[in-house]
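Biologist: I would like to go through this model with you. Could we take it topic by topic?

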Amino acid sequence: MRVLGIETSCDETGVAIYDQYQGLLVNKVYSQNMLHADYGGVVPELAARDHTRKIIPLIISTLKQVHLESKDIDGIAYTAGPGLIGSLLVGATIARTLAYAWKIPAIDIHHMEAHLLAPMLEKKAPEFPFVALLVSGGHTQLVSASHIGEYKILGESLDDAVGEVFDKIAVLLGLKYPGGAVLSKMARKGISDRYVFPRPMTDRPGLNFSFSGLKTCVVNTIMFSAHDVQTYADIARAFEDAIIETLGIKCRRALEQTGLKCLVISGGVSANHALRAYLLKMMYALKGSLFYPRQEFCTDNGAMVAYTGLMRLKAGLFSDLSILVRPRWSLEVLARIK
Ligand code: KG4
Ligand code: ZN
């Protein structure tokens, strides 16, 4: 079975083809970063309109790149949520329409399940059960994953998502949206411990997160400090250290609570080198293992959607003809795959 994956939940148009026997054949992503940079964040209306412009040419060029035609595709997987409703509708409508025209099944995919399964695209893939830390621009979740489709949310952010905070602080440090990766680069030149920010909610039990207080603290520090390159780098360093240690403490707690030894990190922020290094060290000390996808599969892409779609279509699941998207959708209500 060969699945075409379509991702349009936010500001990346992603298309990929995953083959049951040969693995990933092609993965193409068109990023709208430039379009939203001037606004300091994603403008939903512009995002949706740009998906409509890019999606069909991207599907055609993806098929062409691997010399495949519509008759070579056995199923279509599309992100149905969570995400921006206008953006989701573009991918869902195209996917459903193509599936109808090509007389093949289509399946609606949960964006966070796709992120959670993204490490399965790698040779060194994790085995169930594991704890997953999902960190993206829209979500911060700790999940206990016992099987494909069987997930329990152990904790999540009560306010801003980690990626969102990275992006907001980055703008204040004069960096373009999405600034997470650039802020992290800036932090490498920072002197550690010149500033120290709180590790929110680590002084009480539980696995939820809250980042808005930390964000305010960093914003105030930026406002009242000198505005030179070294000071900005020092603030970036202290901010990144606070985020990483907070995530690390909660991951360790989730592993202790579940008795699991395997940690998976995925989503845009899992591309962060310092976070990976911190968690690698932590998992080594705990005699456990850490898994993460390569950089291009951390941020939004069609490959993770195609892979998740294959798993679900192979199990006989598919969606009906109605074009249904779910801007809000819990991982816990998904169907477990037999
Ligand atoms: O998963 P993703 O592509 O989109 C959503 O589903 O939200 O995640 C995008 C987020 C952005 O906030 C971006 O700044 C952040 O991931 N990000 C990073 C890094 N690379 C991407 N944050 C910190 N460090 C990075 N290296
Ligand atoms: Zn995402």
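Biologist: Is Glu150 buried, partly exposed or exposed?

Modeller: Glu150 is partly exposed, at 35% relative accessibility. Buried means under 20% relative accessible area, exposed over 50%, and partly exposed in between, with a 1.4 Å probe and protein chains only. Please note that this is a predicted model, in which local features need pLDDT of at least 70 and side-chain atom pairs count only at pLDDT 80 or more, whereas totals for chains, interfaces and linings use all residues. Residues are numbered from 1 along each chain as its sequence is written, and side-chain values use heavy atoms, without hydrogens and water.

Biologist: Which residue forms a salt bridge with Glu150?

Modeller: Arg336 does, with the closest N and O atoms 3.0 Å apart. A salt bridge here is a side-chain nitrogen of Lys or Arg within 4 Å of a carboxyl oxygen of Asp or Glu.

Biologist: What sheet does E8 belong to?

Modeller: E8 is part of an open sheet of five strands, ordered E8-E7-E6-E9-E10, with mixed pairing. Two strands pair if DSSP finds at least two bridges between them. E8 (150-156) and E10 (289-291) are the edge strands; each has a single partner, so one side of each has no neighbour in the sheet.

Biologist: How is E10 joined to E9?

Modeller: Strand E9 (residues 262-266) and E10 run parallel and are joined by three bridges. Val264 stands opposite Phe291 in E10.

Biologist: Changing topic: how many salt bridges are there in the whole structure?

Modeller: The search finds 17. One of them pairs Asp160 with Lys215, whose closest N and O atoms are 2.7 Å apart. Asp160 sits in the loop between E8 and helix H5 (162-172), and Lys215 in helix H7 (residues 212-224), 55 residues away.

Biologist: Is Asp160 buried or exposed?

Modeller: Asp160 is buried, at 9%, and Lys215 is buried at 17%.

Biologist: Which residues share that network?

Modeller: Salt bridges with shared partners join Asp160, Glu164, Lys168 and Lys215 into one network.

How values were computed: Chains lettered and ligands numbered in written order. Helix = DSSP H or I, 4+ residues; strand = E, 2+ residues; numbered from the N terminus.
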